[in-house]
Amino acid sequence: MTGTSYRELLLLALPQTVVVLAGLIALALDLSLFRNSTNRVRFSAGAAIACAGSLAAGCCILLSQTHGAIQTFQNGMLLSNPLTHLIQIALLLLAVLTILLSIDSTFTDHIGEYILLILLATAGMMFLVSTEDLLLIFVSLELLSLCLYVLTGFNKHSVHSAEAALKYFLFGGMSAAFLLFGFSYLYGLSGSTNLVRIAAATEGSVMDPLLMVAIVMTVTGFGFKVAAVPFHLWSPDAYEGAPAPAAAFIASASKVASFFIFAQVMVLGFAGTAGNAGWNVRAPGWAPLVAVVAALSLVLGNVAALAQKSVKRLLAYSAIAHAGYMLLAIVSHTQQSIAALLYYVLTYALTTIGAFGVVAVVEHQTGGDKLSDFAGLSRRAPLPSMCMLVFLLSLAGIPPLAGFFGKFYLFSAALAGTTASLSLLWLVILAVAMSAVSLYYYLQVLKRIYVEQPPADAAPIQISILSQIVLCLIAAIIILLGCAPNLLLRLIQNALNAIIA
Amino acid sequence: MVPIAYYLVLSALLFSIGAGAFLIKRNIITVFMSIELMLNAVNLSFVAFAYQWHAIRGQIFVFFVMVVAAAEAAVGLAIIIAVYRTRNTLNVDQIDLMKL
Amino acid sequence: MLAWTIYVSFLAAAVLLLLPENSARLARMIALIAATAGLLIVLETLATHHSGELISVAHIPWIPSLGITYHLASDGISMVLLLLTGIVAVAGILFSWNVEHRTREFFALYLALIGGVYGVFLSFDLFLLFVFYEIAIIPKYFLIAIWGSTRKEYGAMKLALYSFVGSAMVLIGIVAAYVVAGSRTTSLEELARFPFPVHFQMWAFPLVFVGFAILAGLWPFHTWAPTGHVAAPTGASMLLAGVVMKLGAYGCLRVAMMLFPLGMDPWGFHILFLNSWRDVFALLAVIGIVYGAMVALVQEDFKFVIGYSSVSHMGFVLLGLMTLNRIGLDGAILQMFSHGVIGGLLFAVVGRMVYDRTHTRDLAALEKLHLSKVIPFAAVTFVIASMASIGLPGFSGFVAELQILIGAWRAFPTAALLAGIGLAVGFAYTWRVMQKAFFGSSALAGDSALAGDSVLAAPAVHTPPPPITLPERVGAILLLGASLAVGLYPQMLLNLIIPALNSPLFEGLRKASWQ
């Protein structure tokens, strides 16, 4: 390992370093200066530090973009290019939104630790999206996961929270082992841990049994991370038991990072072994496997969501269904469909964080997240109800909201494909049909909010101004991105063009 | 010299035992240990491959896996303690507050 | 200018949401002003462009990398439907004047729906058209679920899901068409010129046609229509029957038939006596006509009669489309206008004039009330509207259905005969419902009427119902006037429709199957 420049390394990892430092400062201050303050003050101070840190990290990213757009360190161990910048900024934004939405919550007294964990997880995700090396993928994925396990169990007063953390931890640990097993075979086949070299070494040897095992294991491992059927069992429990802001974070930011790295590994690392999932042009490889997982997720996620009584659980199943849509883009893996995947996952993450934000508000006031707790919400809290309307309709894919354009672009990109056009039609038809099913359960929630009368003793819900502003901001972004998708789409396409050129 | 296939078979065997135990065993600690077993099976195959390729990367990877496994143990045991405090049981079948 | 029909509606909807909680009067006024403004804009445009040529309203790139443009334009067919939307929107607000529960939300959703409908009729970009088409779904759901009556949540959910399933089918079709055409453009004009392969059109056409036709009440996918209409509040059922069902028929023509004309070519083999998708849909349309009329004949709920009659009348539209000859297509578009106006009026009479006063729609109960004496204006309106509905000369229904029948006679003589039977049954159920609802004829009721206490003897009404209000009169006159004007001078609309059908847009349709 000659010529390792620590200065270069530090520069490349500066945003992550800033984020971690901000977390540590928040923790230190919380344990020293604000030790005797009220929870509210402590949370505000922590959030302020976290926001400042994220802002600083964002500035670092933007600055590095101006001098030298594309840099790599040690053969792709650490990358810096327009695409990673875009995703990293999005992750920072999601982390900040999560922290802002949790200021009101009362589930914990360990505020410094809470903020540190979110920021550590964010740093993990930022590493995760800026590498092409299996080693760093594994380590940063574990950094992310470990933080998320703890966040899930953060509510010490709730039995559900601990149970959710346990299930998440056990399944997550097993998935890590599967992923690692796949990685070890990839290393064995190629002698390298770099995705590009692995692709070069495995090109065209689809039928090699070791490679097949590696493919299956890797897909299984990532399948757990993105909560795709049949590896989804942990997610409804984790979402339901976790404190709402933590669930929001798991459902949004970690989804973005997991999907990004899933696509990265599949597209770069298994470049020559995709096979084909088209109806009439089937060929063995990972694409048919992912296609089956996508189809199962679409069907099971949407159908199981119909039966849910808890809104968090409903959102969990809808997340499984949305994972199905996004896997569709990975199956077709063209440049267009990767752009569509990124657009979809970014807007989806924003929408979900907003939806969980509203759930957190309701949970905080009524003590539950059952459908019946939402009855007549529009009379008790008009603004959050309006935001929830936007979020759920966007999830259902109703124009003019971001979710609709995401779906349209995703489907058209998947259909266009690389080889035979329209060969993925079967999967697209399934996806569209299932999105029609999904409207039913989203409308069930909206019906409670808008059509039903509030319970007789219901008082108007008190919500802090900050939460209202954040929720409205998210809703506004979703409407804006639905009406003018080009704002985000252009960024994504430019970034993709830049790294391919 | 032992051919690499032997190591791989052993590693796959250990991994399968781990995965099987994960599904069958009912005590959380045992389930947790089966995850550790799976990780160590992977370590074995990494080392074997590293030996075959004469490349140090695989062995480095093993060190990272070991460190991560230790961190995972710390977090995992903490969560198990939290569950035990609230539920007074370590049987996975009894930790079933949330169902479909 | 025409684009402001959309903007005014959405802006007014937004303004209404910002109003304070209890400002019902203000909300009504704002809604009425917005809807009238929409109608005036359409009329103003009609005054200057009355020859049916293509007017491009807005044409700016929207998502350039995907070839999606924000293209609003209007040809003669759009103009006819825009006019219809304007008229029905104003009338619907007039007939919703008595909505007191969450008034501002009611009118906000109402106007959002109207805005979406205007948008569909004005879109000349496939993506944009679909966006507006889907925007219209959600307000419908809430309008019915919150302000509806009988089984409102069931009716609302059924309507929303049927619409969404239909639009899902359409979405598959248009995404596939977009990809097959090279993922470069969603412009309707360019796609209409693109030669889609025949085998592609063969499956895309039925998919998209059925997707849209679900909303147009194509048998056997019509079942949302009676339940939805019955559950909806008056204003919403007027919109449903008046314009929303036309969205479906318009989509069938503008997207399915215009883009995939070869999909109606013969298959090359026979299944029973069916030889092409065209035969299949013509058959379904005829079944709809006869079935709707037959079922309407035996309904006991006043509103269900009108609901099923809508299915029957929309069957004429679809039959007219499938004739593929000029006179049939002209008739189909005229029928869209005609049924929009008359169907809207019939629902207004049932829902607003009768039900809001008597609180019953059961024909047996109404029979005892002698409504012709109690609310004569409603009776007169209903009689005239029914006459228009069964196609009395002088009203728009006559011109429209006659043209469809002539067209159908040339294309499918048997179907024309069956549709004729449907007309006859239509006469029967109209007569029956008129008799029962307004001119109670049972001997007992007649006696008590002679005794002069018919109103007091009635079970449901203990006090004389309030008289017909001014907004109701204005709305009724507006709708009746529109129907009469078109009936007496159909050339007014035909002058718009014929040039539109002759335009290059329908080149493919003319070449493929014009007879």
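Modeller: This is a predicted model, and the part of chain C that calls for care is residues 442-461, over which pLDDT stays under 50. For that stretch the model has 25 contacts beyond four places in sequence. Where pLDDT is low, the predicted coordinates should not be read in detail. The chain as a whole has a mean pLDDT of 86, with 95% of the residues of chain C reaching 70 or more. For the complex, the predictor gives an ipTM of 0.95 together with a pTM of 0.93.

Turning to the overall form of chain C, its secondary structure comes to 24 helices and four strands. Chain C has a radius of gyration of 22 Å, close to the 24 Å that the globule rule gives for 515 residues, so chain C is as compact as a globular protein of that length. Taken along the principal axes, the box that the C-alpha atoms of chain C fill is roughly 75 × 55 × 40 Å. Of the 515 residues in chain C, 63% are buried. If one takes the contacts in chain C between residues at least 6 apart in sequence, 80% of them join residues at least 24 apart.

Among the strands, β1(C), residues 55-63, and β2(C), residues 68-74, run antiparallel and are joined by seven bridges. Together β1(C) and β2(C) form a hairpin with four residues between them, and in the turn Gly67(C) has a positive phi of about 75 degrees. Two of the pairings can be followed residue by residue: Ser56(C) has Ala73(C) of β2(C) as its bridge partner, while Pro61(C) stands opposite Thr69(C), also in β2(C). Strand β2(C) is mostly covered, since five of its seven residues are buried.

As for the neighbours, chain C meets chain A in a contact that takes 26 residues from chain C and 28 residues from chain A. On the side of chain A that touches chain C, α18 (402-416), α19 (425-451) and α21 (486-500) of chain A each supply at least two residues, and α19(A) gives the most, with 13 residues. By type, the residues on this side of chain A divide into 22 nonpolar, five polar and one charged.

Chain B, by contrast, does not touch chain C, and the nearest C-alpha atoms of these two chains are 25 Å apart. There are two pairs of chains in contact, and of these chains A and B share the most contacts. Their contact takes 31 residues from chain A and 32 residues from chain B. Here α6 (134-152), α7 (159-190) and α10 (234-241) of chain A each supply at least two residues of the side of chain A that touches chain B, the largest share, 16 residues, coming from α7(A). The residues of that side of chain A divide into 18 nonpolar, eight polar and five charged.

How values were computed: Residues numbered from 1 in each chain as written. Chains lettered and ligands numbered in written order. Predicted model: local features only at pLDDT ≥ 70, side-chain atom pairs only at ≥ 80, totals over all residues. Contact = placed C-beta atoms within 7 Å. Nonpolar A, V, L, I, M, F, W, Y, C, P; charged D, E, K, R; others polar. Pairing = 2+ DSSP bridges. Rg over C-alpha atoms; globule rule 2.2 N^0.38 Å. Buried ≥ 20, exposed ≤ 12 C-beta atoms within 10 Å, placed from the backbone. pLDDT = per-residue confidence, 0-100.
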